[in-house]
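Hi,

Here is the model I promised to pass on.

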Amino acid sequence: MQERVPLTEREVNRDLLRPVFTTPLWWWAAVGVLSVAVAAGLGSALYLAINGFGVTGYNRPVMWAFLLVNFVFWVGISHAGIMLSAILRLTQAEWRRPATRAAEVLTIFSLLTAAQMPLWHVGRVWRIYWVFPYDFGRGIWPNVRSPLIWDPSAIFTYLTSTILFVYIAMLPDIAVIRDRATGWRQGFYGVLAMGWRGTPRQWHLQAVSGILLSAIILPIFVSVHSIVSWDFGVAVAVEGWHATVFAPYFVIGAVWSGVAGVITLMALMRWLFKAEKYIRAEHFDGLGKLLSVVGIGWWFFTLMEIIFSLYSKEAAEVSFRTLQMFTWPYNMLFILFFLTGFVFPVTLFLSRTVRHNIAAMFWISIFVNIGMWLERYMIIVPGLMRKQGLTFTWGSYSPGATETILVGSTFAMVALGLLIFSKFFPLIPLSDAKEGEVLRHEIQVGKVKVPAIIREA
Amino acid sequence: MVTTRVRHKWGMVVDLDRCTGCQACVVACQAENNIPINLEQHFLQRRAIEWIRIERYWEGLEEAEKTGDLSKVKARFIPILCQHCENAPCEPVCPVYATYHNNEGLNVQIYNRCIGTRYCVNNCPYQVRFFNFWQPTWPESLHNQLNPHVTVRTRGIMEKCTFCVQRLRKGGRKEVQEGKRLDDKEFDAQSGMFAPACARACPTDTLVFGDMNDPNSRVSTMAKDNRNYKLLASIGTEPNVIYLKKVDLDASDAATH
Amino acid sequence: MRQTQQHTNGHNGHHRPDILTKTPQQVTEEVLGGTFRAGSRFWLVAGVMFALLVLGVIGFVIRTGDGTAERGPWGYFGAMLGYLLTTAMAAPIVAVLVRLTKAHWGKPIVRAAQLWGVVGILCMLMIIPLLFILPSASGRNTIWFYDAIRTGWPPGAPHAWVLVSFIGLLVLSILLVWVDSIPDLATARDHAPAGARKGWYDRLSLGWEGTTKQWRMHRTALLLVSVLYLMNFVYVNFVYSSDFAQSFVPGWKDSIFPATHTVNGFQSALALTIVTAFVLRTWGGYKDYLFTEQFWALGKLLLPLSVFWFYFWFSGFITQWYGRSPAEHGVLTLLYFGPYRNIFVTSVILNFVLPLFLLIQNWIRRSILGPTVVAVSILVGTFLDRIRLYNAAFSVPNADLSHHALTPETMPPVNFPGGADVLIMLGAVGGAVFLFMMATRFVPVMNIWEAKEALLLQRIVPVLKAQLKAIGKPE
């Protein structure tokens, strides 16, 4: 375990700006590999758009599958950013500091990736702009009763506000880079820094807008995944989807998988950027504690969903659950989901030893997201396979190569985005780290010195 | 044309007691509505397009397989087509208004407007909406067979039963010209063929089509039969297709799906 | 960062943060003094509350005349138990959450919040007659999947499982108060004059001496009981809201409803804690212990929970609204648009609209009166909401239980309160307050050991020109 050492501002600048000013070989190698993967994904997306959905494994009862599962998954991951930044900022949780920027940027790139999924998922991609309320010559507006109109509205609002949020929080850091950059970079960061000089007025404005944005963004954050859940929840024809619990269930599931994604990212940052002094075991400890609560809460909603689907003993629901839990191969997927999505992570997160072991936290966080990907799959695909009691139309689904490659490459898309971002901006916020140093204090209690934190209010 | 006259409300009665499962309706629909040729692979992939299909269920098969005596097994047929629900779940979920309910009780699909989100098919409890997975093609020899009154649909959009709206349009034009409402008989005479292809092709008169708003029409009378029921009525979709239960002398209680 | 501090400075001038400034001896004397002796005003209020409780018992006796065949007449009784579950029995949750998150501001209010757990006694007494009116699980929707003909499993469903949950509630709520207060009971033992009281303190403090080992055990036990209480609270809400509301209404299939009930409970718990803190500060003599900080922090929490009130309701509502099936239509009519529309709209205003528009303004949040007013509004709103829910559910006659949906013909009318119902409502509220007041006579309502902990770990430190509060975070 890394002991906490006092840091000077000079050290903070030097350590955290290193990835921006130096480019190690692994960075180029990683960018190269990821670019190939992204190209493969975009290639398969184009192949799909040109040839139509015949090339996938989609069929009549299962009209939404892999791509939509992946959409829900990445929207879920995107919830980490605001969860950590806004909520923890408002509650003044100290351990948030090194995690906020990475979480917010993860939000941006996972949202961009998620937004692609419905795009490639429609039958006629070239007409997708019809879902936007533009001034169509024939006077036809989108159907606001459809959750598929709420979706783009929510996602683009969320994306815009997150970008704003990241940018405002990053202004002081951009200014620090501007002061150290030379050549074209100086101009680039100079424009982005918007004349930041660190005057009291500027700090005041930045702090106030940060708090305001946090408060405004929170309802958006809740609404986004609620709306995604209503894509499914309001569908009366699919027995397995039509559950009132879906909105909070999806939101808390999103927090569960998103914060796990942040843990994965923080462990990688600690190893790749050698940020041991900044990303310490105590931060993993805080995230792990938070996650154990979130995980149990999420499981409560899962249980509610299952109990009340069987509550009225309707044949369609019972056959859906029988398929989902007891029929090969879904029973194996369900067990895998149960173990990786709930049992392992929650029990392990409860242990302090595990929470302080960064390698363990890394692997558990990956487990959580395997489980959460499966959770979405187990809701969407078996739900459609057993929509209603008309057994003649029951069917199944196995993914085709096209959508599998596309889904696989989305992971590369997010990773590539983060890597490129880290080349231009520090992933650990400098100003937050410095603020943490200023607010640190010690209290003498009897013979021991207790670490303390100064509260501004 | 805005008039105050009472509109038609097209509906269908399916008398399951008469259905033999011959699939003539399926073929007729295929020919009338320019539905792409369903090859074996399309069925295997579950991507076949059948605006009307015969669902076949075996009754008592499980017990019969145990005993080995198949003589008691009964074949049940039920033709399923778009139910043209008054309270259609597919309609509110379309983001671009590509499907809506018209004032004659028809659930209408607008091919040009459809972008293929496939939400409507998910939200259809009857599974009667079809997605064009491929660009439809016909062999050279069949090009003259295509119905000129019906659009050929492109890849990536939804399609479904229209109650052969192209036939209804003829009679409708006549009504507008004469400024009065026609009853089913006159309407049929005026349009030449007023009932959809499936109903006209049915050899046993299982499918009966007509105006539900006309209390004297044949469908209205038949819909009041005490064997009537609506498919998946608990969802509350209020279909315009009414089913009449099969009469089964052996059955101790009512056998419905 | 320096600039941000200047900004704080600019806002607050040279305001010094509120902090407990007593010596440990003063804390002990003041809190124990308040516990051992009470003024005449206290006894007057307690007497009135006891009288209300007696009236409630009379109301209950009148009610028993209606028999247990139909649930309709018991609607208000069921609603009152639901109300106690979402307020008094939820209040300890505030304490649990404050402990789990180590929120430093919560130390002066946790004990008061926890003490509401003694109302578990009343809840236990109230569930017994309700068990008799709970119909058998077979032939209707139930969370227990009870199938009498095929399996008979789980045994005793639903009655046995309801009873288990309430026994758990009672045991854990008393245990929570006890475990938490052991160090204070020991302090009381050391200071109490000889007599029966001292003997009880002696027995209940289990030989507490304050050794390191004892403190460590205390911390573990408290954490364990807290977590168990939280879990059991969720379970009780699930059981009660499902068995005594949802499963009585044909076609009501609402997987979010138990969660809604629980979240309503968290909201009312905060509200009740705020009101309790206000009373303690204004009339209880704890002006130097409870500051604006506590009300501000509770108000901050109350804002999102009030928004959640709406969010959870809306999540359920929109799904059923879009479903448009006859079953869902019947449920929505019964609960929101039909006979109980006005009472529903009122509770939306009191539980959501008013709290949102008041608490969103910081100057209201950061006061003592502001959060208190909102808290009262929420307590009244929840009261109305429980009456709506349970009366709507209870009024469906037995004959309709197995139906698929409520139709306009089977839609039950509003159950207006009769004389006995008014007595029951007064008795439940009065009884709960009476139990709480009696508990404060024995267990110190202000946490002595945590107040002393705060004395150790909270300091005012000068930062540049400002005086700010520094909070120690051990380990």
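In which sense do strand β2 of chain A and β2(C) pair, and over how many bridges? They are antiparallel, with four bridges between β2 (residues 448-455) of chain A and β2(C). Strands here are DSSP runs of E with at least two residues, helices are runs of H or I with at least four residues, and both are numbered from the N terminus. Two strands pair if DSSP finds at least two bridges between them. One bridge to look up is that of I453(A), whose partner in β2(C) is I471(C).

Some housekeeping before the rest. This is a predicted model, in which local features need pLDDT of at least 70 and side-chain atom pairs count only at pLDDT 80 or more, while totals for chains, interfaces and linings use all residues. Residues are numbered from 1 along each chain as its sequence is written, and chains are lettered from A and ligands numbered from 1 in the order in which they are written.

Now the contact between chains A and C. Chain C puts in 40 residues and chain A puts in 41, where contact means that the C-beta atoms of two residues, placed from the backbone, lie within 7 Å. On the chain C side, at least two residues each come from α1 (2-12), α11, α12, α18 (448-457), β1 (458-463) and β2 (466-472). The top contributor there is α12(C), with nine residues. Sorted by class, the side of chain C that touches chain A holds 19 nonpolar, 15 polar and six charged residues. For the classes, Ala, Val, Leu, Ile, Met, Phe, Trp, Tyr, Cys and Pro count as nonpolar, Asp, Glu, Lys and Arg as charged, and the others, Gly among them, as polar.

Chain A also touches chain B, with 35 residues of chain A in contact with 33 of chain B. Helix α5 (residues 147-180) of chain A gives the most to the chain A side, with three residues. That side of chain A splits into 20 nonpolar, 10 polar and five charged residues.

The axes of α11 (residues 257-282) and α12 (residues 292-323) of chain C come within 9 Å and cross at roughly 155°; axes are lines fitted to C-alpha atoms, for helices over the stretch in contact, and angles run from 0 to 180 degrees between N-to-C directions. The two helices are therefore roughly antiparallel, the label for angles over 145 degrees. Residues in this contact include F266(C), L270(C) and I274(C) of α11(C), and L302(C), W309(C) and W313(C) of α12(C). By class, the contact has 17 nonpolar, seven polar and no charged residues.

As for the chains themselves, chain A has 15 helices and two strands, and chain C has 18 helices and two strands. The C-alpha atoms of chain A fill a box of roughly 75 × 60 × 40 Å along the principal axes, and those of chain C one of roughly 70 × 60 × 45 Å.

Last, a sheet in chain B. Its four strands run in the order β8-β1-β10-β9, as an open sheet with mixed pairing. β8 (207-211) and β9 (228-229) of chain B are the edge strands, each pairing on one side only. β9(B) and β10 (residues 241-244) of chain B run antiparallel and are joined by two bridges; Y229(B) has Y243(B) as its bridge partner in β10(B).

Cheers

Terms used
Parallel < 35°, antiparallel > 145°, perpendicular 65-115°, else oblique.
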